Amino acid sequence: MQLYECRKRFCDQVTIALQTRSPTRRRELYEGWRKEFGDAATRDWAKYAEGVYAGGDTKLLENLRKMIQELPKPIPSYMILDGDSDV
């Protein structure tokens, strides 16, 4: 579920950045991200958003949007390793 939430957050935040035309306003948005999500996430998200602004590809964002349309399915019990087993 954590991966789903991370993908959803990325899509939501990058979409906001892509709708923000002013570079100054985007920089303010990125600073807000830094305070809320940390340096690593901010660096990656801002790099992606600015790359799209520079004429980059939006396939990653489009594919992640498709992935988050449905909630993640639970992991089947047969795929969960028992912590007590010697496997």
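**Notes on a helical chain**

I started with Q13: setting aside neighbours within four places in sequence, Q13 is in contact with W33, F37 and W45. For contact I took heavy atoms within 4.5 Å. Before going on, I noted that this is a predicted model, where local features need pLDDT of at least 70, side-chain atom pairs count only at pLDDT 80 or more, and totals for chains, interfaces and linings use all residues. Numbering runs from 1 along each chain as its sequence is written, and side-chain values use heavy atoms, with hydrogens and water left out.

Is Q13 buried or exposed? I found Q13 buried, because its relative accessibility is 17%; buried means under 20% relative accessible area, exposed over 50%, and partly exposed in between (1.4 Å probe, protein chains only). Q13 sits in helix α1, residues 2-19.

Next I checked the partner helix. R9, Q13, V14, I16 and A17 in α1 meet R26, L29, Y30, W33 and F37 in α2. The axes of α1 and α2 (residues 23-37) come within 10 Å and cross at roughly 160 degrees. I used axes fitted as lines to C-alpha atoms, for helices over the stretch in contact, with angles from 0 to 180 degrees between N-to-C directions. The two helices are therefore roughly antiparallel, a label for angles over 145 degrees.

Not counting residues up to four places away in sequence, R26 touches A17, T20, R21, E50 and Y53.

Then I looked at the surface. I75, Y78, M79 and I80 form a nonpolar patch with about 520 Å² of accessible area together. Such patches take residues with over 30% relative accessible area and no salt bridge, joining nonpolar side chains (Val, Leu, Ile, Met, Phe, Trp, Tyr) within 5 Å and like charges within 9 Å. A salt bridge here is a side-chain nitrogen of Lys or Arg within 4 Å of a carboxyl oxygen of Asp or Glu. I80 lies in the segment after α4 (59-67), and I80 is exposed at 53% relative accessible area.

Last, the whole chain. I counted four helices and zero strands, from DSSP runs numbered from the N terminus (helices H or I, at least four residues; strands E, at least two). Buried residues make up 24% of the 87 residues. The chain exposes about 6,800 Å², with 53% supplied by carbon and sulfur atoms; areas come from the Shrake-Rupley method with a 1.4 Å probe, and for residues only the protein chains shown count as cover.

How values were computed. Parallel < 35°, antiparallel > 145°, perpendicular 65-115°, else oblique.
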